[in-house]
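Hi everyone, thanks for coming. Let me put the structure up, and then we can walk through a few parts of it together.

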Amino acid sequence: MSIDQPDAGHLQVGQRLTVTIEKLATGGDGVARPEGFTLFIPRTAPGDVAEVAVTEVAKRYGRARLLSLVLPGPDRVPAVCPLADRCPGCQLQHLRYDAQLDAKRAFVSDGLERIGHLRGIEVLPTIGMETPWQYRNKGEFIADAREGRVRLGYQDDAQGFVPLPECRIHHPLTMEILRATEAVATAYALPLAQLITRVSPSDGQALAILVCWAWHDQLPAAAEALRARVPGLAGVLWSQVRGRSVVRRTLADPLTGAKALVQRLGEWEYTVSAESFFQVNTAQGTRLLELVMAYAGPLDGRFMADGYCGVGTFLVPMAGGALRAIGIEEHPAALRDCGENLARYARHDVHLYEGRVEVIFPRLVRKGRQLDVVVLDPPRKGAGLAVLESMAKLNTARVVLVSCDPATLGRDAGDLQALGYRLETVQPLDMFPQTWHVETVVLAVKDGA
Ligand SMILES: C[S@@+](CC[C@H](N)C(=O)[O-])C[C@H]1O[C@@H](n2cnc3c(N)ncnc32)[C@H](O)[C@@H]1O
């Protein structure tokens with residue numbers, strides 16, 4: 001046992017102790033160090049003096065549960081949501097909003113330093129929202145049926161099903177659909193496993209996907225009943241769970257009404273199918289688009305690519321300025337939407353590839369192609385070394401990397417530096433207020449470019 005990494009010899013599961021919270025860890029848990037041992041405690045704030053109960057002890061760290069506050073820290077505010085103590089959704093709701101933004105900046109710095117081994121990189125202050133509530137345009141809720149009554153909420157590892165009578169971060173229309181779906185699914189005895197909602201805040205229209213354990217003959221009638229209850233509900237689709245977990249399901253089939261919504265980011269309009277990815281926070285999505293375009297710089301006469309292009313959120317506005325543009329996307333529905341969105345703005349020369357960036361980039365390398373500017377907005381797992389290496393072989397001078405996970409951002413940023421790119425700007429953006437999650441936009445420029 002070393003002095004700076006004491007083991008947990010003196011701590012036991014169930015033990016109660018009083019601790020002071022030093023800081024927040026990535027993930028939103030408060031960190032205390034009783035006698036030098038690291039304890040993670042959810043729903044605590046820096047400076048809190050708290051009575052806690054130890055729930056888990058490992059060799060190098062432990063976890064504890066907040067029992068009571070002895071003294072609140074300076075950044076603590078009363079949580080506005082009555083479910084704040086139970087719902088796993090908003091890990092930072094008990095923090096002042098400016099303290100949430102500071103914490104997210106620290107999460108990004110920590111990812112760059114600890115995982116990317118990058119020292120001395122300036123991380124800009126997190127860009128927040130004026131009103132950090134009711135921002136989510138996408139909802140995913142688990143269904144629970146007991147005694148003939150269907151309720152919707154979240155699944156939590158520790159508590160099981162948590163019903164959701166209200167939520168302050170979802171768009172109000174989402175909550176209207178949720179309540180109507182509970183009533184309709186109960187009345188029609190639907191074998192509902194999950195509800196997915198999409199809202200277009202600019203025109204107040206929404207889609208709902210009823211994810212069921214199996215087909216039910218009452219589904220079409222239930223879908224009509226749902227639309228009759230919620231005027232903004234433009235379409236209802238259904239899909240079927242594959243296997244035992246709602247994570248895997250069939251592609252959604254329409255039951256009634258529209259299959260896609262029109263989403264707007266600033267002056268740009270996008271067709272977005274029920275299952276295509278779209279930025280979950282429309283207001284911050286507009287800021288993200290502005291940042292990506294500014295970091296990409298002037299595109300005239302240049303070749304650009306948008307890997308992970310989705311419905312064309314960045315590709316559609318940017319393609320107009322470039323000499324040649326390509327988009328790569330693996331999801332067929334998103335790619336179809338992207339084609340439609342490019343056509344809406346007469347971007348006829350853009351080459352769209354259906355497939356994985358890790359396959360398409362090496363193919364472009366083999367063809368001897370060059371890409372001056374590349375935008376990469378991968379899912380949580382990040383781009384990874386193989387994609388970044390092949391991008392470097394395409395002689396890319398400017399990379400705009402968008403990340404929703406500080407850990408994989410740190411790894412990708414470290415790899416970019418090792419490949420000869422200089423991190424010019426690291427800008428966190430609060431896409432997910434009240435939660436620990438943070439979006440980051442990075443501009444990396446090839447040394448000597
Ligand atoms: C975070 S979203 C970004 C989409 C788009 N940039 C936007 O802002 O709307 C990631 C997108 O990459 C797609 N995707 C995931 N893995 C991929 C891969 N290996 N190759 C290509 N596309 C991928 C997903 O289907 C999704 O549309």
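Around the ligand there are 20 residues, and the closest are Tyr308, Gly310, Thr313, His331 and Asp377; a residue counts here if its C-beta atom, placed from the backbone, lies within 6 Å of the molecule. Do keep in mind that this is a predicted model: local features need pLDDT of at least 70, side-chain atom pairs count only at pLDDT 80 or more, and totals for chains, interfaces and linings use all residues. Residues are numbered from 1 along each chain as its sequence is written.

By type, the shell splits into 11 nonpolar, 4 polar and 5 charged residues. Nonpolar covers Ala, Val, Leu, Ile, Met, Phe, Trp, Tyr, Cys and Pro, charged covers Asp, Glu, Lys and Arg, and the others, Gly among them, are polar. Both β17 (324–329) and α7 (357–366) supply at least two residues of that shell. Helices (H or I, at least four residues) and strands (E, at least two) are DSSP runs, numbered from the N terminus.

Now to a sheet. It is open, has 6 strands with mixed pairing, and runs β1-β5-β6-β4-β3-β2. Strands pair if DSSP finds at least two bridges between them. β1 (16–20) and β2 (23–24) are at the edges with a single partner strand each, so one side of each has no neighbour in the sheet. β2 pairs with β3 (residues 30–32) in the antiparallel sense, over 2 bridges, and there leucine 24 sits opposite glycine 30.

Last stop: glutamate 56, in strand β5 (residues 49–57).
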